[in-house]
Amino acid sequence: LYSLLERINPDHNFPVSSHCLRAAAFYIRGLFSFFQGRYNEAKRFLRETLKMSNAEDLNRLTACSLVLLGHIFYVLGNHRESNNMVVPAMQLASKIPDMSVQLWSSALLRDLNKACGNAMDAHEAAQMHQNFSQQLLQDHIEACSLPEHNLITWTDGPPPVQFQAQNGPTTSLASLL
């Protein structure tokens with residue numbers, strides 16, 4: 001994995017001309033640098049990701065970049081800058097909507113407000129985090145109970161489910177293959 005990550009270099013000789021893929025490559029490099037504790041390098045990659053993802057309307061990538069930048073500023077003790085990243089990330093994640101990014105943002109907001117001594121805001125963010133967590137868990141349980149979920153473990157034999165076409169007859173997966 002590390003050898004693959006080190007070969008992803010959107011700055012030099014990137015083989016694809018797609019701005020979306022290049023923005024994603026900057027994000028991956030930023031995430032990789034973050035986990036290595038190279039925060040200045042991570043910030044550089046993530047800022048480049050933000051420029052490109054904003055230009056291409058890649059809202060989820062923009063929101064993830066903002067939260068990760070907020071996390072970096074939080075780790076570095078720059079709470080004001082962290083807040084300036086995580087609040088717009090939360091707003092964008094709400095607009096998309098993307099509950100996973102909202103969960104991540106609310107956790108950072110909770111910790112940030114706690115570190116700043118804002119007990120009321122920390123409690124509100126903790127409540128939001130709990131609500132998002134419960135909703136994601138409920139969605140997961142519901143998805144696992146659907147017959148289509150059996151496709152994950154299907155490796156041999158006839159397909160395990162039948163699909164109901166909208167306003168049409170039931171179709172087996174085998175007839176679609």
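A residue is called buried when its relative accessible area is under 20%, exposed when that area is over 50%, and partly exposed in between (1.4 Å probe, protein chains only). With that in hand, R38 counts as partly exposed because its relative accessibility is 32%. The model discussed here is a predicted one, in which local features need pLDDT of at least 70, side-chain atom pairs count only at pLDDT 80 or more, and totals for chains, interfaces and linings use all residues. Residues are numbered from 1 along each chain as its sequence is written, and side-chain values use heavy atoms, with hydrogens and water left out.

We can start with the overall layout. The protein has eight helices and two strands, where helices (H or I, at least four residues) and strands (E, at least two) are DSSP runs numbered from the N terminus. Read from the N terminus, the order of elements is α-α-α-α-α-α-α-β-β-α. The protein has 177 residues, and 32% of them count as buried. A contact means heavy atoms within 4.5 Å; among contacts between residues at least 6 apart in sequence, 45% join residues at least 24 apart.

The crossing of helix 5 and helix 6 is left-handed, meaning that the near helix is turned anticlockwise from the far one by less than a right angle. Residues making this contact include V86, V87 and M90 of helix 5, and L108, L109 and L112 of helix 6. The residues of the contact divide into ten nonpolar, seven polar and no charged. In this sorting, Ala, Val, Leu, Ile, Met, Phe, Trp, Tyr, Cys and Pro are nonpolar, Asp, Glu, Lys and Arg are charged, and the others, Gly among them, are polar.

Charged side chains pair up elsewhere. A salt bridge is a side-chain nitrogen of Lys or Arg within 4 Å of a carboxyl oxygen of Asp or Glu, and by this rule there are four. One of them links R60 and D98, at 2.1 Å from N to O. Since R60 lies in helix 4 and D98 in the loop between helix 5 (79-95) and helix 6, the pair ties together parts that are 38 residues apart in sequence. R60 is partly exposed at 46%, whereas D98 is buried at 9%. In another salt bridge, E41 joins R38, with the closest N and O atoms 2.5 Å apart; E41 is partly exposed at 27%. R110 and D111 also meet in a salt bridge, at 3.1 Å; R110 is partly exposed at 21% and D111 at 27%.

Two further residues deserve a look. S65, in helix 4 (residues 59-75), is buried with a relative accessible area of 0%. Leaving aside neighbours within four places in sequence, S65 is in contact with Y27, L46, T49 and L50. N113, in helix 6 (residues 99-115), is buried at 10%. Not counting residues up to four places away in sequence, N113 touches N118, D121 and A122.
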